[in-house]
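Here is a short briefing for a first look.

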Amino acid sequence: MNKLEFSFCGADLTALPSGALWFAAERLLCVSDLHLGKSDRIARRIGLMLPPYETRATLDRLAMDIGAFDPDWVICLGDSFDDLEAAGSLDPEDQSSLLRLQAGRRWVWIAGNHDPGPVDLAGSHVAMLRAGPLVFRHEATAGAEAEVSGHYHPKLSLPGMGRARACYLLDRCRLILPAYGAYTGGLSVTAPVLQALMQRRADVILTGARPVRMPMPRL
Amino acid sequence: MAGSEAQPGLPPVLADWFTRQGWALHPHQSDMLARAAAPALLLIAPTGGGKTLAGFLPTLTELAAGGHQGLHTLYVSPLKALAADIKRNLRRPVEELGLPIRIEDRSGDTSYTQKRRQRADPPHILLTTPESLALLISYEDAPRIFAGLQRVVVDEIHALAESKRGDQLMLALSRLQGLCPGLRRVGLSATVEDPAAIARQLAGPAGCEILNADPGPDPDISMLVTAERPPWMGGGAAYAIPAVLDQVRAHRTTLIFHNTRAQAEVFFHNLWLANTDDLPIGIHHGSLSREQREAVEAAMVAGRLRAIVCTGSLDLGIDWGDVDLVIQIGAPKNVKRLIQRIGRANHRYNAPSKALLVPANRFEIVECVAALEAALAHDLDGDPKGPGPRDVLCQHILILACAGPFAADEVYAEVSGTGAFAGLTRPDFDACLEFCATGGYALRAYDRWQRLLLRDGRWQLRDPRAAQRIRMNIGTIQDTDTVKVRLRGGGKPLGEVEEGFAATLTQGDTFLIGGQIVRYEGLRELTVEVSRSASKRPRVATFMGTKFATSTQLSARILAMFQQPDWPSLPAHTAGWLALQREVSHLPQAERILVESFAHEGLEYTCFYGFAGRNAQQTLGLLLTQRMEVAGLSPLGFVATDYATLIWGLEPVAAPAALFNGADLRAGFETWLAGNAVMKRSFRACATIAGLIERNLPQARKSGRQATFSSDILYDTLVKYDPDHLLLQITREEAMRGLVDFGRIEEMIARSRDRIDHVTLDRVSPLAAPLLLEMGRVPVMGEGRERIMVAEAERLLAEAGIADF
């Protein structure tokens, strides 16, 4: 696996090609915005029947990363479920894959705007979490320090790259993770909200076969 | 032409009116009237042959006496503008004679009130498009709207029959036939290579009677000879501008056709720079805003323009009046389309049309001469149409569900009675129905949220509110994703560019649209904002456009020409070029494949002359470079034209036969195909038509993009978890015919049967030289490119002075 190591607020971290974050000192794997059950919610709400495999695809990817690192902790950084009802109607096969992933490690569901309340699944449910020097929460807050968050689904397209890739965003105070779920769109890092959120000196780490770090494009 | 004596079947009031206009019926118009009772009839007539009147005579005759209640005749054409034009022409006799006939048109532009009124109280003659008709049959009150319908007239059926719009129309007609069993069908077509195939489209597998109008005199068609030699490559034909302006000056009105919108824009721009006499010249193509197109059309009809630079958007039927010359810039690629375009000149029956071909480059001289010979020999080309596309059937099933509960048996009977779907098996039909009802996934996930439910033996929408969303997404036209272009500060819309093109722009870039140079300012809510630019030269050439592949028949003619001992019909410089190619290498032959290898400026080049058309040569480039990557030949890129694929890389290709073997190509194709970008594009189109992806949403689109995600993700997921899904089957079928065009590769393999001539040269061959200058190079994204990207990121980091925080 091609990984990219970087330091952030005194923590040595690794960006994985899948969009997961590995924090070796704490043996902690963090993923954000899984949006499990998205196709179920879309069918329920607007009647479109998208290929109902995105939960399976997301969990298969997560199983690869967990298999590679055997973390003690897995942090799901919010919007793990597309909504609370979708969390309640996971396919039995997906439920048992999830249980297998959870076995033998601590599992934390951080609340997101799509899944604000506790879900009826194993693992602890918290609004935020501290690990080492870092604080983990779903959505970036003003004036935060050493904060790891998700929520925005940042992505970036470079000339000649073809399709946009999901990416991490990084400055001295903040680390924003890409969306990990299979059916998740993205928000371009050139969007005003992300331009305003990140400090002047910020970097992008592109996901993909080989994570690549580069300066964040500025408007 | 017949005299003014009474025409059998024509009511005296109409006959007198024709006489007063100084008109007499053409024989084919009388024939149409005599066969008014036929259940289906196809008329083949050249442009200007009075096709439309022939189609409407029986209707006017039947309605002249009055007394008909409700809709009598439905007229369907591919263009809204055509329907509006016909409405004007038909209303004239009706109003002058005070006939009791109400004529209205209906399209996306018709007002909401007008549409409501048309449903409540339909006119006698309704002029519409396939999409508006599909929408009409989706209403619960469709049986009442169409009660009394006697005739349907399908205009320009040859154009509709080439696309899914025609398939959708024929499915809609199968429903109308169910509602009105006595419905009579008439098709009006330009000259085509296989009229019987069109007749089967119109009337079902048994076909129908075909009437042929007198084709008129042969066109006066030639190649434009200029003092300046055409360049080696490129499609702009800028060299011909002075000669084209001379022609415009010498004629009343000239249509200047281009194969792509981009070329039309560039040519129009250059034409204006050279237009020192300020001749009134306009531009017309499908990417311009409706307002702009309408302004040009109006100026044209009023005779205020001396020339229009245009694309296929002017291929069809509106009567432009006084056109006396058609100029085709660039090789016509397809003889049938050339003939139909030429018909735009002298829109009067029995006068020869005058046309000039302008090759854009040296190779196109060969193509133009081949096309000229084919046109004079009346040798039209065309590919047989495949079976009816099932994504269109899925949409039809959803449309029927909007109208009310239906029985599967009845719909299957209707659908398999159409020409396109005659071969559709019941299991195939059931799979489409299943897709509409449950998604058709191997994983049964949607039992609670099915779109269609079976109640008392009839299928119906689970949630009737879904009908609104289905209706909003009716249609099969796939605009590639385009974004509107408008002047910053609330200016008027200028037109559209492809989203992919918009993404390549940065602030300050200048490009051409509607003949003016504009400066890119930014993207705002799916609209490209621009300002006027004083720059003389656009920095970014222009936006992409569809590229047609040279037809199989025309390619065969070119290959046959190569085998002549000499070329008296070609200009001396072009004949000399081919002779030199014959001397230093070979000229390509139909039954063998020529492969040339040479080194040039430090890279190893290999050129495969397949003559399989642009799309297939492109596919060939993707397949061959993939095999070269595996073989360690480090290909870096390729470029494809209609006749060859040129590949470059770091290592010479010593044994191309091993790469090019037909059986291996076919085997590699299946695995390669799954991950291909072209497949994803085809999937997007099929999934949209079949109703899996919605183009239009009830509320305004959300501003952030977090809620939307690419159809590529759906495609990848299906390939991985449900590879036999219906939509993947449809996508494969589609891509093989269209963009991937593997059919043409099969044709190439069949004629060459792995007979390969490999020539190694110490320099570039005459035939390959132009390819080195060709635009549209495709990079190969191999290991080498990944390294280049990492190096680029490192360079940027170093430049920004950042190593780490």
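What pLDDT does chain B average? This is a predicted model, and chain B averages a pLDDT of 85. At least 70 is the score of 87% of the residues.

**Confidence**
- Among the elements of chain B, helix α16(B) has the highest mean pLDDT, at 98.
- Helix α31 of chain B, residues 783–800, has the lowest, at 58.
- Residues 1–6 of chain B have a pLDDT below 50. This stretch has ten contacts in the model beyond near neighbours in sequence.
- Residues 700–707 of chain B also stay under 50. The model has eleven contacts for them beyond four places in sequence.
- Where pLDDT is low, the predicted coordinates should not be read in detail.
- For the complex, the predictor gives an ipTM of 0.90 and a pTM of 0.85.

**Layout of chain B**
- Chain B holds 31 helices and 26 strands.
- Of its 805 residues, 46% count as buried.
- The domain assignment gives domain 1 (12–212), domain 2 (220–376), domain 3 (390–472), domain 4 (482–532) and domain 5 (584–697 + 710–787).
- The centres of domain 2 and domain 3 of chain B lie 45 Å apart, taken over C-alpha atoms.

**Helix α17 of chain B**
- Helix α17 spans residues 408–415, with B:Val411, B:Glu414 and B:Val415 buried.
- These residues are on the same side of α17(B) because they cover an arc of only 95° around the axis.
- The buried residues of α17(B) pack against α9 (164–179), α16 (390–403) and α18 (426–438) of chain B.
- B:Asp409 and B:Ala413 are exposed, on the face of α17(B) turned away from its buried side.

Key:
Residues are numbered from 1 along each chain as its sequence is written. Chains are lettered from A and ligands numbered from 1 in the order in which they are written. This is a predicted model: local features need pLDDT of at least 70, side-chain atom pairs count only at pLDDT 80 or more; totals for chains, interfaces and linings use all residues. Domain bounds come from an automatic or database domain assignment. Helices (H or I, at least four residues) and strands (E, at least two) are DSSP runs, numbered from the N terminus. A residue is buried if 20 or more other C-beta atoms lie within 10 Å of its own, exposed if 12 or fewer, and partly exposed in between; C-beta atoms are placed from the backbone. The arc is that of the directions from the helix axis to the C-beta atoms. Two residues are in contact if their C-beta atoms, placed from the backbone, lie within 7 Å. pLDDT is the predictor's confidence in each residue, from 0 to 100.
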